[in-house]
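Hello,

Here is the structure for you to look through. My notes follow below it.

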Amino acid sequence: MSKRFLRLASLLAVSMLILAACGDGDSSDTTTGGDAEPAATAAPSDGGETFEIFALLPQGNDQPYGTTYLPPFEAKAAELGLNVTITNSQYDADKQASECEVAVAANPDLIILWPAVGDTVRPCLEAANAAGIPVTVTNSDLNPEDQELSAAYSGPDTYGQGVASAEIFCELAGGEDVGIIMVNGLTGNSTAIDREAGFEDTVNEQCPNVTILARQPGNWNKDESQIAASEMITAVGAENIGGAYAADDTMVAGVIDAFKAQGIDPADLIITSIGNTFLGNPLVVSGELDGTVFQSSSWDGENAAVVAHQVLSESPSERIVLFMPSVPVTADNADDPSVAPEW
Amino acid sequence: MTEKQGISLGEAQGGPWNRIRRTLARRTEGRALALLIIVVIVTAIMEPIAFTAYEVTLGSIALIGLVALGLTAVILMGELDLAVASTLALAGVVMASIDDLALGIVTALVVGLLIGVVNAFFVVVVGINSFIATLGMLFFLRGAAFVLSGEEPVRLSDIDAGIAFGKPLIGGLTPRMLLFILAFLALQVFVTRVRAGREFYAVGGNRQAAYDAGIPVRRRIFTGFMISGFVAALAGIINTLERTAADPTAGSTVLLASFAAAIIGGVLLTGGRGSVFGTLLGAASLGILQVALTLSGVQVDVQNIVIGSVLFIAVITDPNSLRSVLGSARSFFRGRSRASPT
Amino acid sequence: MTQEKPTAVAPNQPDHDLSAAGAAGEKDATSRNVRVLDWLSQRGIFVFTILLIVFAAIFINGFASLLNITDVFNRAAPIGIVAVGMTFVVITGNYLDLSVVAQVATAAVVLIAVSNESTIPAAMGLALLIAVVYGFVNGVAVGVFKANAVIVTLSTTFIGLGLLRWFTGGSIYFGPQDGVIRSFGLAKLGPFPLAMLVLIVVTLILSWVLNQTNFGFLVKSYGSNREATRLAGVNTAWVVIGAFGLSALGAMIGGFVLGAFSNTAVSAMSTGFDFRALAAIIVGGTSVFGGRGSVLRTLLGVVFVSVLTNIMVLSGLTFGVQQMVIGALIVAAVSVDALARKAATS
């Protein structure tokens, strides 16, 4: 027994010693492995210096938005001479915190952060600041009290998207009493929470004649939204429903199908959502969807790189804030090429 | 077992080398150690920062390993605790919901213990299979975490305490790592030296025989689940402190990662075999692999493929597996399936 | 020393066969109670489901409408098809097949993406090939290498989803609005969506496989006692490969049905399918220890969970409360079952 314990203790001791001996190394340059993205290894075309950057994202190829965010981001980054290491924490706050620790340890020139959960990123920001690494934020801004720890923000305003969608709704509702069903995103997900809050706050303020009769999560899925919407229609009673709101176009397509399956013409109802995607835009054109909010994944991706480069080359004293305009898309401008869907 | 003259087992070979071989053959951590060595070597070559910034790597190991350690106690007894993920989340939410930090921590730990008691109750008193009982609790507790938190993150009232918790305390080690090391030592000692802990193996190896031998099986099962619940709650508290907010959706990746760590470490799901140390090795391999992959900047899809492949290869190269494959291959080539042990 | 399969009556291992107790032959008053409890424990889930439906029809406004029944069926179909396939894996004592998550998404994406470029049969053919590969890889790892099924299927999920996202770039695919897939997704026979009919047909076929074929018998035998089955000269590797293969087929068809209903496909659409299918299987009464089980019971379990979820949404319960109810009911259903058995044998 004691022999085994000795063996265990010595193994632990040896490994700690080895790790400690390898530690305290001088902060070497980040060597991203040879398998780095092709786009990230390009030499800067404008002859300027190359910067090493870590991008901590909560989504990537696992979601349609992330899929169309990445290529413009990487292309712009390559163009500006930014060597980017990209992570995907899949909206897991603990995973992102772990990735942040790794990023800080790698000592890059800058960290781009897209918070998985806005309330939990302060320690990451403080660690980066302590290490002298500037942080820029993309897509979802930090809580107001944490913003001072970052150098810039670019992206849509997820709360503001909910607001914009509600504003379209309020306008279309006129002053009439309208009962609606609401389909939200994944429970506990920050985008879902912000959009729901934005929509509900605005409706309560600007058009309290609109009442949310029932709400369920659609988990960003069309099929789940359709079933949930159908059940809500049954529960509330189709005659009481004057409209619907879903937190994104994929889900609203499911809601619209639910209405159709129940024999209700969606064109008679007021329905709004967010995204202006490949699924949503045609629905606006056809009149089934009354309004959506354009979210340009390419704008988001590109400007994340642009703003990061700006911070690196200019070292501005004030926080840069670049909002993606939440462009409402209704039947009037749905065909406009400037709001052509991207994802 | 037909006509045999007498069963000759051959002469027991003495000498220190053979004694070592025999001891090593009994150990279950061989594969985990081999995997760890491979991971360490590859990482040292490709992403040495994982070791120069060893605190980060240790942190990653602690993240996966803490829950895995608690799980090991339960699995050794032949039971399963799927509810750890939700226990983690709920404990965090409970702690953050209470303004007084100390009270919050204590309450959260008590909640973890209670969850363990409830799990054990269903397994021992009601008589349901632990897989099902804890699967149900997984759903139930996750729902409870959502309800309690209002389906959104709950911020700590004392954010500075949280941030201070994330800073290194002794040497380069943060409180998380220190707690992890403490938990490992405590559990290792418990399972190898303390009689109650050693009986876990008996309970897992042959439940009926354990009863007959007079081991208080029910009490041991209660203890095991309480350990698992406590450790999961501890992990939830640590996470919430470090994040300065409790996320009710936390824990889903931890669940499967901890099982992977324990099983790679040689812990047998049906119980009775394995070791806490093996789980540590498994967690270490996975933790270092995580950090190395993140540093490499490889596309996340490829990272997942790598992790999946490593897990796959690790799990099919168990010495038992290889032996059985060789056995099957041998019998296949001999043209008929031989009824041979193992 | 590995744990014995639970053949002895130990207080905390309830999944033993009760027929021995029933056949003991005592014919007095208490024995009638025993038989009632025995009947209850065997048919428990059936009774619960009926009770639940009756309760809902009376108390929940709108439940008993044709439209709502369709919703219940739409809920049940994709998960149900996956669950009945996965039942084979559970019966072999291999706990569950986590890779259904990757497989369902892959099948849906392949169906829609490939049929957009080429034909539907070509898409289905490719999906079938992929399902065979999954079943084979999982089956060989677990059956030949005797590796742990949970970790094997976890790793194949990682690899599978990684490959899917690598190839598709994570994009979302849409079927044409007036295409065959869409019409299938919308088609109904009275209140029965076509998907539900597919579920019933698949269930009947798989039930026949489990109960009437030699393979099905071997699956149950392997689940009950691996060593005995092997010593009897059976090539157990093929039994396991077959079980995972059926799980893969179930996941494939489930993916098709899901893709048809939604007329879209994206890699994230199958999240949660692994545990939800497992919950249905367990609620249906199939033992997690393996060796006993029934595809029909799984169907029942799926119906129960779908009806329950439907009731909760109709009642306006939040997601958190819904999860609590499902968790509590899983435990309650199995507890009643276990307690009934205990009482019957005491």
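In which helix of chain B does Ser60(B) lie? Ser60(B) sits in helix H4 (residues 54-76) of chain B; helices (H or I, at least four residues) and strands (E, at least two) are DSSP runs, numbered from the N terminus.

Before the rest, some ground rules. This is a predicted model: local features need pLDDT of at least 70, side-chain atom pairs count only at pLDDT 80 or more, and totals for chains, interfaces and linings use all residues. Residues are numbered from 1 along each chain as its sequence is written, chains are lettered from A and ligands numbered from 1 in the order in which they are written, and side-chain values use heavy atoms, with hydrogens and water left out.

Back to Ser60(B). Ser60(B) is buried, at 3% relative accessibility (buried means under 20% relative accessible area, exposed over 50%, partly exposed in between; 1.4 Å probe, protein chains only). Neighbours within four places in sequence aside, Ser60(B) is in contact with Ser98(A), Gly287(B), Gln290(B) and Val291(B) (contact: heavy atoms within 4.5 Å).

Chain A has 10 helices and 12 strands. Of its 343 residues, 61% count as buried.

Next, the salt bridges. The count over all chains is 20 (a side-chain nitrogen of Lys or Arg within 4 Å of a carboxyl oxygen of Asp or Glu).

- Glu99(A) pairs with Lys95(A) at 3.6 Å, N to O. They are separated by about one helical turn, because they are 4 residues apart in helix H3 (residues 93-106) of chain A. Glu99(A) is buried, at 5%; Lys95(A) is partly exposed, at 24%.
- Glu196(A) meets Arg215(A) at 2.8 Å, N to O. This pair links helix H6 (residues 190-206) to strand S7 (residues 210-217) of chain A, 19 residues apart.
- Glu79(B) meets Arg207(B) at 2.8 Å, N to O. Glu79(B) is in the loop between H4 and helix H5 (84-97), Arg207(B) is in helix H11, and they are 128 residues apart. Glu79(B) is buried at 6%, and Arg207(B) is buried at 4%.
- Asp94(A), Arg176(B), Glu242(B) and Arg243(B) are linked in a network of salt bridges.

Last, chains B and C. Their contact takes 63 residues from chain B and 57 residues from chain C. How many salt bridges are counted between chain B and chain C? The count is 0.

Best wishes
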